[in-house]
Amino acid sequence: YMGQRLTQVLINLISNAIKFTRKGEIQLILTQSHDNYRICVKDTGIGIREEDKQKLFKEFGRLESKDYHDLNNHGVGLGLMISNDIIKCLGSSGIVCESEFGVGSQFYFEIPIRHQEQSPLIRIGPEEKQKVQRKKNVVLRGKCKCRRVLLVDDNEYNLMVLKRMLKKRHVEVIEAFDGEDGLKKLRGSINQLPNCQFSTCRRVNLILSDLNMPRRDGFDLIQDIRGLEDGQSDIPIILVSAFDKAEDIEKGFKLGMDNILYKPVKEEQIDDVLSKYLPKGNL
């Protein structure tokens with residue numbers, strides 16, 4: 001997820017730099033400071049007047065004065081606002097703009113370094129009271145060879161397609177038809193599924209849930225699971241959505257989502273998810 005979102009942000013920043021730079025150069029600069037990466041896109045373009053900077057991160061915030069007219073005749077003014085929202089979801093305080101009209105601009109942000117040895121999960125903005133325990137459980141559960149996924153979707157066709165992908169990869173699938181049914185199946189799995197030799201195995205090892213469902217949706221399901229006290233609150237949860245909305249991403253991570261996929265889900269995305277969240281090997 002993080003790599004995809006960073007790529008989206010950098011494409012937007014570099015595209016803007018190209019659009020406003022007719023001569024000179026554009027630089028992409030990556031530096032490390034303490035526990036942060038600093039990523040900067042710097043150009044020698046037309047620059048931005050001080051009074052125009054406040055428009056940049058607002059909805060439909062296009063630069064429309066005569067200074068920029070010939071350079072800014074495409075787009076609707078949402079790119080920077082969405083990019084800023086995405087960066088905040090990744091743990092940053094946001095994108096900073098420094099610019100001098102007639103000289104050039106630089107847009108930069110800092111994101112925390114997430115060490116693989118500390119946590120193999122991409123966890124953005126988690127509840128502090130759960131963070132330490134989840135790291136411990138993930139490391140211990142890595143010894144378990146169970147490959148069991150709770151698949152939650154109210155659409156039978158979507159369930160069939162994802163189930164087929166998972167079965168092909170030797171994953172046992174438990175089906176549920178909305179958030180309420182998903183919680184019921186998860187809580188029942190403790191007693192109904194075979195015991196694992198490792199106490200850290202949660203019977204269900206991963207949850208793939210549709211976002212938009214009747215009764216209780218994907219957000220509701222995350223809240224319900226993160227509030228459990230039966231040892232299942234730390235199971236990785238990945239939402240599946242038809243819409244790439246920054247507000248959904250931000251809300252999901254705040255509630256405790258681990259990652260998000262977008263429909264139609266591709267085979268390589270499933271491979272990537274399983275390699276990150278499930279152990280290798282057959283059931």
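What follows is a look at the charged pairs, rings and nonpolar cores of this structure.

The model is predicted, so local features need a pLDDT of at least 70 and side-chain atom pairs count only at pLDDT 80 or more, while totals for chains, interfaces and linings use all residues. Residues are numbered from 1 along each chain as its sequence is written, and side-chain values use heavy atoms, with hydrogens and water left out.

Salt bridges come up first. The term means a side-chain nitrogen of Lys or Arg within 4 Å of a carboxyl oxygen of Asp or Glu. By this rule there are 14 salt bridges. Some of them sit within helices; helices (H or I, at least four residues) and strands (E, at least two) are DSSP runs, numbered from the N terminus. Take lysine 53 and glutamate 50, whose closest N and O atoms are 3.1 Å apart. These two are three residues apart in helix α2 (residues 50–53), which means that about one helical turn separates them. How open each partner is can be given as relative accessible area: buried is under 20%, exposed is over 50%, and partly exposed is in between (1.4 Å probe, protein chains only). Lysine 53 is buried at 17%, whereas glutamate 50 is exposed at 57%.

Helix α6 (residues 179–192) holds another such pair, aspartate 181 and lysine 185, four residues apart and so separated by about one helical turn. Their salt bridge has an N to O distance of 3.3 Å. Here aspartate 181 is buried at 14% relative accessibility, and lysine 185 is partly exposed at 31%. In helix α8 (residues 246–255), glutamate 250 and lysine 254 are likewise four residues apart, about one turn of the helix. Their closest N and O atoms lie 3.2 Å from each other. Glutamate 250 is partly exposed at 28%, and lysine 254 is exposed at 53%. Elsewhere, salt bridges with shared partners link Lys168, Arg169, Glu267 and Asp271 into one network.

Next come the rings. Aromatic pairs number zero; to pair, rings of Phe, Tyr and Trp (its six-membered ring) need centres within 6.5 Å, with planes under 30 degrees apart counted as stacked, over 60 as edge-to-face and the rest as tilted. Charges do sit over rings, though, a label that calls for NZ of Lys or CZ of Arg within 6 Å of the ring centre and within 35 degrees of the ring normal. Arginine 38 lies over the face of tyrosine 108, 3.8 Å from the ring centre. Likewise, the charged end of lysine 245 is 5.2 Å from the centre of the phenylalanine 243 ring.

That leaves the nonpolar cores, meaning sets of buried Ala, Val, Leu, Ile, Met, Phe, Trp, Tyr and Cys residues joined through side-chain atoms within 4.5 Å. The largest has 24 residues, and those with the most contacts inside it include Leu150, Val152 and Ile225. At least two residues of this core come from each of β5 (148–152), β6 (172–176), α6, α7 (218–226), β8 (237–241), α8 and β9 (259–262). The most come from α7, which gives four. Valine 152 has contacts (heavy atoms within 4.5 Å) with residues including Ala176, Ile207, Met213 and Leu221, leaving aside residues up to four places away in sequence. Another core lies apart from the largest one, with 19 residues, among them Leu162, Ile238, Ile270 and Tyr277.

Finally, valine 171 is in the loop between α5 (156–168) and β6, and is buried at 2% relative accessibility. Its C-alpha is 7.0 Å from that of valine 149, although 22 residues separate the two in sequence.
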